Number of protein chains: 2
Amino acid sequence: MVHLEKVEYKPIPVRDLLVEMKDISELMIDLAYSAALFHSPELAEEVLELEEHIDKLAYILGMNAMLAARDAEDAEALVGVSVVAAAANKISDAAADIAAIVLQEIGIHPIVREAFQKVEERLIRVAVKPGSILTGQRLEELELAARIGVDIIAIRRGKRWILNPDDEETAREKDVLVARGAPMGVEEFKRLADGTVQKLED
Amino acid sequence: MVHLEKVEYKPIPVRDLLVEMKDISELMIDLAYSAALFHSPELAEEVLELEEHIDKLAYILGMNAMLAARDAEDAEALVGVSVVAAAANKISDAAADIAAIVLQEIGIHPIVREAFQKVEERLIRVAVKPGSILTGQRLEELELAARIGVDIIAIRRGKRWILNPDDEETAREKDVLVARGAPMGVEEFKRLADGTVQKLED
């Protein structure tokens with residue numbers, strides 16, 4: 001039932017791949033714990049999407065590392081890279097384990113969840129609906145951090161991920177946004193993304 | 001050659017243990033990647049210390065979860081907890097793998113390291129030396145964030161860990177401090193901890 005796509009070789013510098021794997025594995029931990037603690041199947045699904053993505057990056061990194069090693073010295077220097085990549089993969093597997101308990105409706109004991117929920121910040125994942133005022137504006141213009149205390153930490157556009165998007169980035173219709181902020185802020189953010197609220201307070 | 005200590009049952013609420021395991025596993029990821037990228041054996045050693053600590057917490061959590069389950073319903077509700085605990089453990093193992101390459105002097109290819117070092121913030125681990133002006137002052141009074149842009153994210157006091165210490169906490173001689181900040185700030189912080197600098201700039 002699993003759709004397996006062939007991973008093709010792409011010439012991408014090993015360092016870029018490793019930076020991306022590191023960033024994604026850190027994001028996954030964040031998302032997975034949040035998914036479990038706020039019982040959010042949406043966040044859990046993003047974790048599984050990212051898991052697939054990181055697997056693919058691991059293959060591509062493996063191929064590039066092999067092609068980069070021309071002698072024993074190179075090989076020695078590249079072993080460290082493959083250990084870090086393997087660790088990033090292990091981390092992403094652990095995050096996927098956590099996500100799975102949410103999707104399998106096992107969940108976390110409510111008493112435990114309560115303890116976690118005292119944490120002030122929370123994560124949210126929302127899809128940008130047609131007509132949302134978030135579309136077509138640069139993040140810089142939206143000033144979400146200043147206005148509602150929310151930071152967009154990742155954007156998924158189809159199969160592509162943009163981690164820690166910069167100010168020049170523009171949110172588009174159908175983008176999936178992962179954001180972090182205080183509970184009230186993230187609720188407001190959700191309404192902005194789905195179009196229920198059409199105006200950003202100053 | 002490994003010294004194995006008996007882990008004894010302690011009645012600690014499952015939720016407290018899980019919160020601690022979550023926080024530690026996140027800190028370990030941070031420390032491990034930093035250890036590899038800045039080639040810091042000090043940070044790598046802290047990762048291994050934490051790994052031991054998280055193993056111990058996992059055992060204690062296991063015992064407490066078993067005692068907490070009195071019927072099938074409890075057991076079902078607690079399975080989620082043990083999955084998260086196992087994942088935190090897996091994450092900590094991955095972090096330890098990364099730390100090991102630093103301590104085994106395998107290291108990371110310099111070109112890769114360079115890419116990571118563009119990251120603005122970095123982590124540091126310092127021991128508080130006798131006579132350091134950091135001793136005996138509440139973190140609140142030190143105002144490190146405002147003055148030098150450094151945050152203390154963890155304190156190790158012997159075998160005990162204080163994660164995300166609050167403002168009331170006091171740094172003591174021999175404490176090991178883990179802090180995060182811009183490169184210049186963390187260098188200054190190091191000098192304050194080892195007593196080379198005896199005055200905090202305003």
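Author: A salt bridge is a side-chain nitrogen of Lys or Arg within 4 Å of a carboxyl oxygen of Asp or Glu. The model here is predicted: local features need pLDDT of at least 70, side-chain atom pairs count only at pLDDT 80 or more, and totals for chains, interfaces and linings use all residues. Residues are numbered from 1 along each chain as its sequence is written, chains are lettered from A and ligands numbered from 1 in the order in which they are written, and side-chain values use heavy atoms, with hydrogens and water left out.

Reader: Why is the pair A:Asp97 and B:Lys90 called a salt bridge?

Author: The closest N and O atoms of A:Asp97 and B:Lys90 are 2.8 Å apart. That is within 4 Å, and the pair joins a Lys to an Asp, so the name applies. Between chain B and chain A the count is two salt bridges.

Reader: What makes the two chains count as being in contact, and how many residues take part?

Author: Contact means heavy atoms within 4.5 Å. By that rule 37 residues of chain B and 36 residues of chain A take part.

Reader: How much area is buried between chain B and chain A, and what makes it "buried"?

Author: Buried area is the accessible area (1.4 Å probe) that two parts lose on being put together, summed over both. For chain B and chain A that comes to about 3100 Å², with carbon and sulfur atoms giving 79%. On the chain B side, B:Arg15, B:Tyr33 and B:Lys90 supply 19% of the area buried against chain A, more than any other three residues.

Reader: How do you know how the two copies are related?

Author: A rotation of 180 degrees, with 0.1 Å of shift along its axis, superposes chain B on chain A at an RMSD of 0.0 Å. The copies are therefore related as by a two-fold rotation axis. In chain B, B:Ile91 comes closest to the axis, at 2.5 Å (C-alpha). The same surface serves both copies: 97% of the contact residues of chain B recur in chain A.

Reader: What joins domain 1 of chain A to domain 2 of chain A?

Author: 16 residues of domain 1 of chain A are in contact with 14 residues of domain 2 of chain A. The buried area is about 1300 Å², and carbon and sulfur atoms give 61% of it. A:Leu27, A:Phe38 and A:Glu46 lose the most area in domain 1, together 36% of what that side buries. The count is six salt bridges between the two domains.

Reader: Why is the link between A:Arg180 and A:Asp30 called a salt bridge?

Author: Their side chains meet at 2.8 Å, N to O. An Arg faces an Asp within 4 Å, so the pair qualifies.

Technical notes
Copies are superposed by least squares on the C-alpha atoms of residues with pLDDT of at least 70 in both.
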